[in-house]
Amino acid sequence: MDLTYTEEEEAFRAGLREWLAAALPKLPAKPSPQDWPGRRAYDTAWQRTLYDAGYGHVHWDASPTQRLIFLEETEKAGAPYVGANFVGLLHAGPTIASEGTPEQRARWLPPVLRGDEVWCQGFSEPDAGSDLASLRTRAWRDGDHYVVSGSKIWTSHAEVADWCELLVRTTPVSEAVPKHRGITWLAMPMDAPGITVRPLRTLAGSTEFAEVFLDEVRVPAVNRVGDENDGWRVTMVTLSYERGTAFVGEVVACRRVLGEIAREARGNGLWDDPALRRRLGRLAAEFSALWRLTQWNVSEAQRSGGVPGVGGSVFKLRYSHARQELYEAAAQVLGAGALDLGHEWSLDRLSSLSYTIAAGTSQIQRSIVAERILGLPKGR
Amino acid sequence: MDFQLTDDQRALRAGVRELLERRLSAPGSSRGSGRAGPPGSAPGAEDGLDRGLWRQLGEAGFFSLMLPEERGGVGLGLPEAVLAFEEAGRVLLPGPAVASFLAAGEVAGAAAGETVVTAVDGTLVPWLAEADVVLGDASGAVPLRSVDPLTPLHRVPGTPGAGRGVTEAGRGGPGGPGPGVLLYAAEQLGSAARTCEAAVQYARDREQFGRPIGAFQAVQHLCAQMLVRAEVARAAVYAAAVTRDPLEVAGAKLLADDAAVRNARDCLQVHGGMGFTWEAQVHLHLKRAWVRAQLGQVAEEAEEALASAL
Ligand SMILES: Cc1cc2nc3c(=O)[nH]c(=O)nc-3n(C[C@H](O)[C@H](O)[C@H](O)COP(=O)(O)OP(=O)(O)OC[C@H]3O[C@@H](n4cnc5c(N)ncnc54)[C@H](O)[C@@H]3O)c2cc1C
């Protein structure tokens with residue numbers, strides 16, 4: 001049990017800090033949340049800056065511990081988030097890196113690293129959410145193309161993406177073909193004819209995600225990663241790619257916000273309420289433990305040579321709940337002020353409601369923990 | 001950074017587990033053995049402290065784990081002590097183990113398990129009548145009808161958390177909680193992990209409606225939450241053992257108390273009517289968890305300490 005970082009890790013941290021201190025003041029002003037082209041430009045410019053400084057590869061090549069340090073330091077320094085680069089850097093990219101052909105890797109990976117191209121993830125469908133494998137968007141072969149029809153939903157960044165990692169059904173479900181078997185992974189250019197993107201407004205008021213309608217969209221067959229009908233496996237290979245580092249920045253941010261909430265309460269007199277103090281004290285324990293659990297999971301990934309464990313589900317269950325609880329405490333401190341969306345915490349409180357839904361709902365995570373970690377019989 | 005158990009730490013944990021399980025499930029020593037005894041003959045503190053066990057633990061180096069080698073100890077650190085106490089928590093080791101551990105090297109015979117040492121902890125004194133040495137001022141102590149049949153308790157006058165009779169075993173010095181707090185947390189962690197395992201085992205074995213109850217999602221999700229509590233507490237307890245940071249210790253105790261109490265309750269629920277019986281071991285975990293939650297550092301103290309540092 002060693003919590004000290006090696007000399008090499010500390011050198012990496014020091015170099016990064018120094019670079020961030022010099023690079024961040026040169027950042028342009030943050031675009032408004034509704035200015036999607038502006039946000040894309042801002043996010044990709046940041047990725048380009050990281051790339052030029054030699055940090056563009058961190059998510060792919062660095063050790064789990066270096067990634068932890070990278071995410072911790074960039075958050076502490078107030079650097080931009082991965083934002084629009086998320087799917088390219090953390091899902092589609094790693095999928096292509098591990099399952100793609102040399103030509104596919106050469107075509108798609110460098111533009112992601114340089115911040116030239118943005119990806120989105122077209123997995124969920126109106127009738128296939130938690131039960132993703134029941135997806136129905138159809139694709140059939142026509143010469144050297146696939147023709148795709150159907151619809152996707154909740155597609156984050158669809159409006160500004162160049163590519164979509166798309167899951168399609170190439171073989172209908174039948175007695176002989178279970179639902180996981182007939183799925184294929186395609187890289188779909190978002191400017192192809194037949195694609196309609198309809199932004200969806202979230203309860204926080206912004207248009208974070210969209211519906212994507214596909215009407216006989218022609219996708220070159222060379223854009224298929226992995227074999228036909230092997231898309232489920234191709235996707236699962238990288239589904240837990242993050243190796244314990246998925247929420248590093250978020251936990252750092254939560255600890256900062258908790259400090260700010262305490263400051264606010266000290267200022268407005270609510271600090272005299274022991275019940276509130278104790279609530280905040282408990283949250284401090286919570287986020288401190290989540291930070292240690294992150295280090296635990298990262299060390300485990302480091303030891304196992306990067307093989308992701310199912311520990312991510314344990315972490316996500318607790319973290320998503322704790323973060324919601326954090327903003328409930330913030331609302332208590334703000335009192336009537338919590339009704340004012342002009343306050344950052346009020347908006348964050350609304351956003352936090354998605355944490356127990358996105359990327360596998362808490363119910364699904366509990367079933368994963370019960371069946372895959374605890375070995376309980378398959379539920380029903 | 002390598003925040004995982006070393007091979008030596010794994011070996012130590014396995015060794016302690018083996019010793020405790022062998023000893024505590026031996027015939028005639030049914031306490032906390034994990035076996036349902038015959039009705040009416042449930043283990044009780046009225047049986048007194050098992051001094052043979054105490055000496056055996058002493059011989060094995062349990063109490064002298066952190067004592068430097070030149071003083072006859074094993075010379076290990078707090079992380080190793082935490083692993084040992086986690087095992088003690090798993091098997092519900094009866095006796096004032098934390099106080100005796102902290103007295104090793106200070107009180108003659110404590111390290112060897114010859115002298116049983118207890119300590120005043122807030123307003124409570126566990127095992128007062130059986131102990132050879134009592135640290136702190138136990139004058140005016142009156143016996144309680146202890147909720148935990150495996151932990152006799154006395155109460156001394158004073159207010160909880162006011163620091164009366166502060167000993168190393170309990171609330172630590174002015175610098176914050178002492179190692180004793182973390183050892184209680186480690187016991188809570190062991191208990192939380194054990195009740196999670198017990199619930200999972202029962203959920204696999206017990207059948208209703210023609211299938212194992214563990215196939216019902218409502219039961220599955222109870223078990224999943226138990227694992228989450230135990231694993232979050234584990235990260236907190238282990239990290240606090242490494243850093244010894246008073247706030248991390250406070251947080252670890254808080255989360256471990258919570259994990260132990262709530263896991264025991266969920267374990268009881270998963271056991272159905274069986275969980276409500278004296279024979280099933282679940283109630284012993286719950287009752288001990290309640291006791292330990294009042295020892296070392298209570299939730300209010302931990303939360304206030306954590307809040308004041310924000
Ligand atoms: C902010 C946000 C961003 C997202 N971005 C993307 C994206 O970029 N690309 C993409 O493909 N998807 C995206 N998603 C979709 C997300 O993955 C799904 O919302 C999620 O998988 C749940 O699916 P669903 O919404 O259809 O809910 P449903 O699956 O319909 O679930 C509804 C309720 O039923 C429960 N439930 C369902 N099945 C079970 C079961 N077996 N046992 C117990 N309870 C069950 C759920 O827990 C939930 O409470 C995003 C979602 C959000 C909120």
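Leaving aside neighbours within four places in sequence, B:Val237 is in contact with B:Val82, B:Leu182, B:Ala185, B:Ala186, B:Leu189, B:Ala252 and B:Ala256, contact meaning heavy atoms within 4.5 Å. The model is predicted, so that local features need pLDDT of at least 70 and side-chain atom pairs count only at pLDDT 80 or more, while totals for chains, interfaces and linings use all residues. Residues are numbered from 1 along each chain as its sequence is written, chains are lettered from A and ligands numbered from 1 in the order in which they are written, and side-chain values use heavy atoms, with hydrogens and water left out.

B:Val237 belongs to the largest nonpolar core, which has 137 residues; B:Leu182, B:Val237 and B:Tyr238 have the most contacts inside this core. Such a core is a set of buried Ala, Val, Leu, Ile, Met, Phe, Trp, Tyr and Cys residues joined through side-chain atoms within 4.5 Å. Buried means under 20% relative accessible area, exposed over 50%, and partly exposed in between (1.4 Å probe, protein chains only). Helix 6 of chain B, residues 217-243, gives the most to the core, with 16 residues; helices (H or I, at least four residues) and strands (E, at least two) are DSSP runs numbered from the N terminus. Another core, of 24 residues, lies apart from the largest one and includes A:Trp108, A:Leu113, A:Ala128 and A:Ala187.

The two chains also meet each other. Chain A and chain B each give 49 residues to the contact. Together they bury about 4500 Å², 63% of it on carbon and sulfur atoms, where buried area is the accessible area (1.4 Å probe) that two parts lose on being put together, summed over both. Six salt bridges are found across this interface, each a side-chain nitrogen of Lys or Arg within 4 Å of a carboxyl oxygen of Asp or Glu. A:Arg277 forms a salt bridge with B:Glu304, with the closest N and O atoms 2.8 Å apart. On the side of chain A that touches chain B, the largest share, 19 residues, comes from helix 9 of chain A.

Two individual residues complete the account. A:Thr202 is found in the loop between strand 6 (195-200) and strand 7 (209-220) of chain A. A:Thr202 is buried because its relative accessible area is 17%. B:Gly180, in helix 5 (residues 179-205) of chain B, counts as buried because its relative accessibility is 0%.
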